Protein chains: 2
Amino acid sequence: MSVRRRQEDRRAATRRNLVAAARNLFAQKGYAATTTPEVVQAAGVTRGALYHHFADKAALFSAVVEEEHALLALTIHQAAEAGEDEPGPVKSLIRGGEGFLAAMQEEGRRRILIVDAPAVLGRARVDEIDARHGLHTLVEGVGTAIEAGAIKNLPLLPLAHLLSAMFDRAALAPAEDLGAYRKTIKALIRGLRT
Amino acid sequence: MSVRRRQEDRRAATRRNLVAAARNLFAQKGYAATTTPEVVQAAGVTRGALYHHFADKAALFSAVVEEEHALLALTIHQAAEAGEDEPGPVKSLIRGGEGFLAAMQEEGRRRILIVDAPAVLGRARVDEIDARHGLHTLVEGVGTAIEAGAIKNLPLLPLAHLLSAMFDRAALAPAEDLGAYRKTIKALIRGLRT
DNA sequence: ATTACAAACATACAGCTTGTCTGGATATTA
DNA sequence: TAATATCCAGACAAGCTGTATGTTTGTAAT
């Protein structure tokens, strides 16, 4: 191995710059309206660097989605640790949802993850990415709630997907309606109790 | 007015051809991968005609979405009339959902309405279109259920949006999972009963 | 240290796509 | 039938994507 750090660092740095610049532009203008010349100019490199690191524009977007998902999960996790732990699996589900909605308020995140990602990457790939991040913890939460007998015994993954869909839609709602959405989701989840 | 029908007919005919050809291609390859030369060739006209009838490619897609929404509503409506009318507002909601899921199985419809439309037209425009079609009847159904005291008194539009989001996600599920999704949605709606 | 090599990046290029513009065909009105 | 508006076809310019080639920078070996 020796001390070959410089090349590795250089590579990682430009890659980070590209992903960061792309994230901002995708968030502001959307995927289709963002051009690769714009991205590389914002990143301070040329298109040669972009196509050296990524197969195509969609691959760059995919990297942005992965990063955004990771940041989302991180934010939710931190909020969950900070909040007091009233136990109870149903309460946990609801609190997880609140954390998700709060974390989704980050500028541009909704457009990238909910609006553009399915169209650009395809539903299958988005499902796969989602399974590794947000949906994973949601499935766990629903699973323990079912095992504990706190909610009805329903098909695990479908239920998780349906809840996830509700949270996504709520995240897209205008900010002033968010309260009503939270209340309604709470009622829907409570309705699952045995 | 007199009998100026021929021009009107001609115009309507090429417009129909364009929308029909576009619908097929958008359904198969998605919006981004479909080119306007492809569309006009399939429609048997030239790009001149396309840009005479539509401002741009997105406007053509918008027309496709409108038509698809109308067909969707028609199919659901027919199914609803054919089915026996067990009364009860909650049953009605569930049956409406079944009709929606069945009508959504039409080839390409999911891609156009759920995957591509939000990215191409923007969330706001999709909401506006949806409000004039599917969501409209859903809001009515939920409204009467609430007025009848059959389900909890929750914010009308948010609840309708959340249910709509669930149905959309269920429609995207693999065909073999559809049964589990239907069952789960049924349980979620039943949980809303007072 | 110099040479040999590989990785990272810049520049140039070809093909395609979109939207506009101009001209001709067809229908309507006077 | 002349004038006019509508409908549509073909040509054009600008821009974007992906590739291919060249150049620099870092790494390894002798």
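The model is predicted, so local features require pLDDT of at least 70 and side-chain atom pairs pLDDT 80 or more, while totals for chains, interfaces and linings use all residues; side-chain values use heavy atoms, with hydrogens and water left out. Residues are numbered from 1 along each chain as its sequence is written, and chains are lettered from A in the order in which they are written. A residue is near a strand if one of its heavy atoms lies within 4 Å of it. Helices are DSSP runs (H or I, at least four residues), numbered from the N terminus.

**DNA strand D**

- Around DNA strand D there are 22 residues, of which T36(A), R47(A), Y51(A), T14(B) and H53(B) come nearest.
- Sugar or phosphate accounts for 71% of the atoms of DNA strand D within 4 Å of the protein, and bases for the rest.
- At least two residues of the surface near DNA strand D come from each of α1 (6-29), α2 (36-43) and α3 (47-53) of chain A, and from each of α1 (6-29) and α3 (47-53) of chain B.
- This surface has four nonpolar, eleven polar and seven charged residues; Ala, Val, Leu, Ile, Met, Phe, Trp, Tyr, Cys and Pro count as nonpolar, Asp, Glu, Lys and Arg as charged, and the others, Gly among them, as polar.

**DNA strand C**

- Of the 23 residues around DNA strand C, those that come nearest are T14(A), H53(A), T36(B), R47(B) and Y51(B).
- Within 4 Å of the protein, 69% of the atoms of DNA strand C belong to sugar or phosphate.
- Phosphate oxygens of DNA strand C lie 3.0 Å from a polar side-chain atom of R11(A), 3.0 Å from an N or O atom in the side chain of T14(A) and 3.3 Å from one in the side chain of K57(B).
- The surface near DNA strand C draws at least two residues from each of α1 and α3 of chain A and α1, α2 and α3 of chain B.
- T36(B) lies in helix α2 of chain B and is buried (under 20% relative accessible area, 1.4 Å probe, protein chains only), with a value of 10%.
- Beyond its neighbours within four places in sequence, T36(B) is in contact (heavy atoms within 4.5 Å) with R47(B), L50(B), Y51(B) and K57(B).

**Aromatic pairs**

- Eight aromatic pairs are found over all chains; rings of Phe, Tyr and Trp (its six-membered ring) pair if their centres lie within 6.5 Å, with planes under 30 degrees apart counted as stacked, over 60 as edge-to-face and the rest as tilted.
- The F26(B) and Y31(B) pair is tilted, because the ring centres are 5.4 Å apart and the planes stand at 40°.
- Y31(B) also forms an edge-to-face pair with F61(B), at 5.1 Å centre to centre and 70° between the planes.
- Y31(B) is in the loop between α1 and α2 (36-43) of chain B and F61(B) in helix α4 (residues 57-82), so this pair ties together parts 30 residues apart in sequence.
- In chain A, F26(A), Y31(A) and F61(A) form one aromatic cluster.

**Buried interior**

- H69(B), in helix α4 of chain B, is buried, with a relative accessible area of 9%.

Key: Buried < 20%, exposed > 50% of the residue type's maximum accessible area, 1.4 Å probe, protein only. Polar contact = N/O pair within 3.5 Å; in protein donor to acceptor, adjacent residues only side chain to side chain.
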